[in-house]
Amino acid sequence: MSALPEKAADTTAEQPWPVRVLSMKIQDYVERMSVTWVEGQVVQLTRRPGARTAYLTLRDPDVDMSLSCSVRVTALDAMATPLSQGARVVVQAKPSYWSQRGSLSMDVRQIRPVGIGELLARVEYLRQHLAAEGLFDADRKQPLPFLPRRVGLVCGRASAAERDVVENAHRRWPGLDFEIRQVAVQGAQAVTDVVEALRALDAMPEVDVVVIARGGGAVEDLLPFSNESMLRAVSAARTPVVSAIGHDVDRPLLDLVADVRASTPTDAASLVCPDHDAELRTVATALSRMRGQARSSLDRERRALVQLTSRPVLADRTALVRAQREVVATLQHRARSRTESMLHRERDRVAHLRAQARVLSPQSTLDRGYAIVQHRGGAVVQSRGDVEAGELLRVTVGDGDFAVEAVGGGS
């Protein structure tokens with residue numbers, strides 16, 4: 001039988017490692033790891049009566065990762081306050097690998113609780129860091145809709161906060177639709193559950209606003225609502241988010257990153273929907289004001305019309321017509337007079353021209369004793385030399401014409 005490969009990179013399908021070899025190599029590698037300090041949240045603690053060793057699960061408060069740990073009961077008893085689930089602790093542990101089962105655990109040597117003062121200091125550091133990043137800026141916040149189609153609500157299971165929001169909202173606007181997600185709002189699962197519920201509601205197009213609500217509690221109970229993962233999820237939401245955590249004096253960082261902060265869950269109900277009765281009163285007041293303004297306008301126009309019609313020119317509506325009729329009659333008379341005068345002048349001028357024409361006409365000359373002599377062809381005799389002896393001529397006088405015979409020619 002050939003020798004086994006020394007390194008994992010040298011193994012092949014023809015020359016694999018047996019499970020025991022890989023398990024022992026992992027155990028050897030883990031045992032060379034040094035003791036380390038680790039911070040996390042206790043999510044499960046098992047301590048059996050009479051046992052020397054207790055077991056707990058240490059979870060990262062920001063992500064869904066955990067480690068199995070074992071700790072001596074004497075180390076737990078040495079703590080100033082009993083260790084409970086949900087507590088934040090710092091442990092000194094040595095990684096331990098159980099080769100028979102292929103499982104990794106942490107052998108806890110020391111365990112120390114993280115004090116409230118230290119947790120609050122970390123929250124303050126996170127607040128300054130996110131503020132410098134601009135996560136709390138007013139220009140990032142979205143306005144709430146006047147009347148949402150559906151309200152998303154993230155709250156505890158069968159909690160008073162849920163009742164406060166829903167009942168007060170329905171009291172203000174009956175029939176308002178809710179999409180409720182009941183999750184853990186305290187403890188190790190709070191951050192993960194709230195973020196998942198928020199993202200699910202944010203993905204629903206009919207949800208116009210999301211309320212994250214929780215009642216009051218101790219400082220450590222509200223710490224999940226100052227978690228960075230939750231704050232960034234709220235900042236990234238496209239739907240406006242209302243923070244309604246605790247009482248007015250409670251100020252988790254969620255209040256700063258949310259689009260609107262409500263002092264209490266009851267206050268959140270008044271922020272997400274209008275008051276039905278108040279809106280009806282507002283509409284009634286507006287209608288009454290509009291009717292009053294319309295009546296005032298009509299009265300004002302009616303008074304103006306009365307003032308116009310009371311003027312003399314409009315009091316007797318035929319006076320203007322009569323005055324204009326007189327003006328028209330005067331103009332007609334003036335035009336007729338001028339036309340008659342013009343006709344008389346022109347008639348006199350025509351008579352004068354007619355008299356002049358008569359004086360200058362050939363007939364007038366004939367009437368004065370002159371005559372016109374013409375040849376038989378009609379040509380006028382203009383010279384004695386034009387007449388031949390014995391020629392028959394036509395003589396025209398004032399009262400007619402007659403024929404004559406020439407007795408002598410022009411020659």
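These legends describe close-up views of a predicted model.

Local features are given only at pLDDT of at least 70 and side-chain atom pairs only at pLDDT 80 or more, whereas totals for chains, interfaces and linings use all residues. Residues are numbered from 1 along each chain as its sequence is written, and side-chain values use heavy atoms, leaving out hydrogens and water.

**Figure 1. Confidence along the protein chain.** The mean pLDDT of the protein chain is 87, and 97% of the residues score at least 70; pLDDT is the predictor's confidence in each residue, from 0 to 100. Helices (H or I, at least four residues) and strands (E, at least two) are DSSP runs, numbered from the N terminus.

**Figure 2. The largest nonpolar core.** This core has 34 residues, of which Val154, Ile212, Phe225, Val234 and Leu254 touch the most other members. A nonpolar core is a set of buried Ala, Val, Leu, Ile, Met, Phe, Trp, Tyr and Cys residues joined through side-chain atoms within 4.5 Å. Buried means under 20% relative accessible area, exposed over 50%, and partly exposed in between (1.4 Å probe, protein chains only). At least two core residues come from each of α3 (116-133), α5 (190-202), β8 (209-214), α6 (228-236), β9 (241-245) and α7 (254-257). The largest share, 6 residues, is supplied by α5. A second, separate core has 19 residues, including Val165, Phe178, Ala269 and Cys273.

**Figure 3. Surroundings of Val154.** Beyond its neighbours within four places in sequence, Val154 is in contact (heavy atoms within 4.5 Å) with residues including Arg181, Val183, Val194, Leu198 and Ile212.

**Figure 4. Packing of α5 against α6.** The two helix axes are 9 Å apart, at an angle of about 10°. Axes are lines fitted to C-alpha atoms, for helices over the stretch in contact, and angles run from 0 to 180 degrees between N-to-C directions. Helices α5 and α6 are therefore roughly parallel; angles under 35 degrees count as roughly parallel, over 145 as roughly antiparallel, 65 to 115 as roughly perpendicular and the rest as oblique. From α5, Ala190, Val191, Val194, Val195, Leu198 and Arg199 meet Ser229, Met230, Ala233 and Val234 of α6.

**Figure 5. Arg150 in strand β6.** Arg150 lies in β6 and counts as partly exposed, at 21% relative accessibility. Leaving aside residues within four places in sequence, the contacts of Arg150 include Asp177, Glu179, Glu206 and Asp208. Arg150 and Leu271 are 121 residues apart in sequence and 14 Å apart in space, C-alpha to C-alpha.

**Figure 6. Ala158 in a loop.** Ala158 sits in the loop between β6 and α4 (160-172). Although not a glycine, Ala158 has a positive phi of about 50°. Most residues other than glycine have a negative phi. With a relative accessible area of 66%, Ala158 is exposed.

**Figure 7. Gly246 in a loop.** Gly246 is found between β9 and α7 and is buried, with a relative accessible area of 1%. Not counting residues up to four places away in sequence, Gly246 touches Arg214, Gly215, Gly216, Ser263, Thr264 and Pro265.
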